[in-house]
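Hi,

Here is the model we talked about. Have a look at it first, and my notes follow below.

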Amino acid sequence: MKLTADEERMLAGESGPGVQRAIELLIAVGEAYEAEKLIDISSSHILSPEMQFWNTGQLSRWSRELVAESVEGATHFRVPVTINPIFLEPTIAERLGYPENYIEEMRQSLAFGRETYARLGVIPTYTCCPFYIHPLRQGEHSGGAESLVVLFNNSVLGVMVNRESGPTALATALTGKTPLYGMHLPENRYGQALIELKDDLDPGAFTYADYNALSYGVGKMVVDKIPVFLGLPQNMSITQLKYLCAPLGVSAGIPMFHAVGITPEAPTVEAALGGRKPEMSIEVGRKEIDQAFEELCSATEPKIDYVFLGCPHVTIPEMKEIATLLQGRKIKSDLLLVVGTTEPLRLLAREMGLVDIIENSGGMVVSGMCSAGSFLRRGVPEGFHVGVVATNAAKAAHYLKAGGVQVWFGTMPECINAAVTGKWEAA
Amino acid sequence: MESFTLKGRGASKGVAEGEALLTHDAISFLSDISITEGIIISPQSKCKGQSVSDKILIFPTGRGSTADPYGFYMLKKAGKAPKAVINVDANPTTVAGAIISNTPMVYKLDKNPLDIIETGDHVLVDGNKGIVIITKKGRANNGRAS
């Protein structure tokens, strides 16, 4: 691979062993993709093994060792860097009655992460939606991981970014570089699978759950082909779009989709396909959406223990919808209702009085936590389980189901009703 | 002494030799292998129940995404990692995993390693030069006996 003088210096170890290992990693990964060179990026989004996947026990200590090795000698991130949420907020672990020593270990692992990344100058977003805080423009090259960030950046904003792995994402932040392959090359960004909506669907009336189900179902059908959605409302909101993005990240391996009339590179279906014929065409109707709803539910018991909204993190309009649904109602006393968002939005929602409404009804608004990952089996202490969960997020439902948790997937009003009555009505 | 060399591309530096374990399945280090025990756990694999520890692990390509390299690293920390990895095509998550765990890895060889190497063969992997030296099982002993 051809390297610039700057890259040669990093490779020679002039910026310390962490940066040296980072650029070695990017070169090796680039070679596996036949990349001819590294390119400069304008930003990156990282995730942290010790704050997400393994926040207790031996695996957490090893995760911290890995991070310490990876950043050894590094003084700063080379570009603006945002960061993914942690998996479980200790305050929630307390409410669930996790053992004290377990929570203390969690706190230590989280403190290590917060200090390490702060020292390097991270923008402490702790969100899967960094575009709420540090949005990028069409044509910018970015680095990083987290499928939702990648899907949203490529598909909604026209940013050019690949789905990288956790260690590679950190390497892009430390070097300000990424290999030139995949989504950084315009010819790889065209759509491959045409998605048409049947007449029995009215996308103008779609709930957030409907968008989740559409995305999840289409992901299973396209697997690794970039879909081109036809017939979606041109006035889709950011809230609706994040729900169209997120489930594709778990039901398919793709970094991008086109929504004709919405995606910057897809003013027309021809532009989305790059003038080529689609490799597959799929019609999605009520039946396919209903099937996705069914697949996302694994619960059999109607009694609900835990309700959460905010995968991906809720927007202010969503926070308002939740507050409106909860106004004057009390959630069942032995049940947790958690609304997940990022800290700046939580502060704004508090100022707007929305957080008070949710808290007065017995709910919690938590920032910086990933509800999809909170109850993966490896993150739950021996002998504990969260019980039956209700959510309107397909990505979270997918992970919870895979982790053996009983989950109900439905609309936001259904989830709020479940929080109030303690029961899943449709069960 | 019958040993022969395949030439390819080094993904992760270092030299290691040992006994081959070959599988025709794509491998995710996080979900197909127990990261604390080094045992293949994917139910559909013919190698289910076998240990990858201290083996030269040969498989077509990796699968998995964001967190997969961490699985490789954990396996190494647990002392249960393979000594080296040989792939037909490299999935970048495997490359990243091999590098962060200081495990030699070679891919894109001039002959398909899945056709040539068998489980039990003695294999040397040189990640610096991108080469693999194979000594077929049984023949190494015959060589010494004669």
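Going along the sequence, the order in chain B is β-β-β-β-α-β-α-β-α-β-β-α. Its radius of gyration is 14 Å, close to the 15 Å from the globule rule for 146 residues, so chain B is as compact as a globular protein of that length. That radius is taken over C-alpha atoms, and the rule is 2.2 Å times the number of residues to the power 0.38.

Before going further, some housekeeping. This is a predicted model, so local features need pLDDT of at least 70 and side-chain atom pairs count only at pLDDT 80 or more, while totals for chains, interfaces and linings use all residues. Residues are numbered from 1 along each chain as its sequence is written, chains are lettered from A and ligands numbered from 1 in the order in which they are written, and side-chain values use heavy atoms, with hydrogens and water left out.

More on chain B

The C-alpha trace of chain B spans about 50 × 30 × 25 Å along its principal axes. Of its 146 residues, 55% are buried (under 20% relative accessible area; exposed is over 50% and partly exposed is in between, with a 1.4 Å probe and protein chains only). If you look at contacts in chain B between residues at least 6 apart in sequence, 71% join residues at least 24 apart; a contact means heavy atoms within 4.5 Å. The accessible surface of chain B is about 6,100 Å², with 47% of that from carbon and sulfur atoms (Shrake-Rupley, 1.4 Å probe; for residues, only the protein chains shown count as cover).

The strand to click on is β4 of chain B, residues 56–59. Which of its residues sit on each side? B:Ile56 and B:Ile58 are on one side, B:Leu57 and B:Phe59 are on the other, and all are buried. In a regular strand the side chains alternate between the two faces of the sheet. Strand β3 (residues 15–22) of chain B runs parallel to β4(B) and is joined to it by 3 bridges, with B:Leu21 opposite B:Leu57. Strand β5 (residues 84–87) of chain B is also parallel to β4(B), with 4 bridges, and there B:Ile56 stands opposite B:Ala84. Two strands count as paired if DSSP finds at least two bridges between them.

And chain A

Chain A has 17 helices and 14 strands. Its C-alpha atoms fill a box of roughly 65 × 55 × 40 Å along the principal axes. For 427 residues a compact globule would have a radius of gyration near 22 Å, and chain A agrees at 22 Å. Buried residues come to 60% of the 427. Among chain A contacts with a separation of 6 or more, 78% are between residues 24 or more positions apart.

One sheet to find in chain A is an open, parallel one of 4 strands, ordered β8-β7-β6-β9. Inside chain A, β6 (residues 193–197) and β7 (residues 227–229) run parallel with 3 bridges, and A:Ala193 stands opposite A:Pro227.

Cheers

Note on methods
Helices (H or I, at least four residues) and strands (E, at least two) are DSSP runs, numbered from the N terminus.
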